[in-house]
Amino acid sequence: MAGKEEMTSVTLNLLKKKMDDFAKERDWEKFHSPRNLLLALVGEVGELSEIFQWKGEVPKGLPDWKENEKLHLGEELSDVLLYLVRLSDICGIDLGQAALRKVQLNAIKYPVKKSNDE
């Protein structure tokens, strides 16, 4: 089954469904209030920050990192993503659409010409 999931295109909707199923199967929905999910997300961001805490500047692609460090980073990034997806779902926010809207707003706020002039 793991091989099949690796071939599946990952979408926010797929992650949202998997997180919803995961919570329902464990009867955890009662714990998934916006506040609780936000606090869990903040905790995961803290764990992600710890990975970089004493590394100084890190070059793109992490060329000097060991595979187990990259694996750990992937796990923590995933925790952050999954809590964010779950939080947006519980709040009734379409995260994909909200993100696209934010990119459009940023393009207006920071036009190419203006950013190239600085």
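User: How many residues does helix α5 have, and what does it reach from first C-alpha to last?
Analyst: Helix α5 (residues 95-109) has 15 residues and reaches 20 Å from its first C-alpha to its last, close to the 21 Å expected at 1.5 Å a residue. That expected span is 1.5 Å times one less than the number of residues, and helices are DSSP runs of H or I, at least four residues, numbered from the N terminus. This is a predicted model, where local features need pLDDT of at least 70 and side-chain atom pairs count only at pLDDT 80 or more, while totals for chains, interfaces and linings use all residues. Residues are numbered from 1 along each chain as its sequence is written, and side-chain values use heavy atoms, with hydrogens and water left out.

User: Which residue caps the N-terminal end of α5?
Analyst: Asp-94 does, with a side-chain oxygen 3.2 Å from the backbone nitrogen of Gly-96.

User: Switching to salt bridges, how many are there?
Analyst: The count comes to seven, taking a salt bridge as a side-chain nitrogen of Lys or Arg within 4 Å of a carboxyl oxygen of Asp or Glu.

User: Nice, which residue does Lys-17 meet?
Analyst: Lys-17 pairs with Asp-21 at 2.7 Å, N to O. Both lie in helix α2, four residues apart, about one turn of the helix. An α-helix has 3.6 residues a turn, so residues three or four places apart point the same way.

User: And what about Lys-24, which partner does it have?
Analyst: Lys-24 bridges to Asp-20, with the closest N and O atoms 3.0 Å apart. This pair also sits in helix α2, four residues apart.

User: Which residues are linked with them in a network?
Analyst: Asp-20 and Lys-24 join Arg-86 and Asp-89 in a network of salt bridges.

User: Where do Glu-69 and Lys-55 sit in the chain?
Analyst: Those side chains meet in a salt bridge of 3.0 Å, N to O. The pair links distant parts of the chain, 14 residues apart: Glu-69 is in helix α4 (residues 67-90) and Lys-55 is in the loop between α3 (34-52) and α4. Glu-69 is partly exposed at 25% relative accessibility, and Lys-55 is partly exposed at 33%.

Conventions
Helix = DSSP H or I, 4+ residues; strand = E, 2+ residues; numbered from the N terminus. Polar contact = N/O pair within 3.5 Å; in protein donor to acceptor, adjacent residues only side chain to side chain. Buried < 20%, exposed > 50% of the residue type's maximum accessible area, 1.4 Å probe, protein only.
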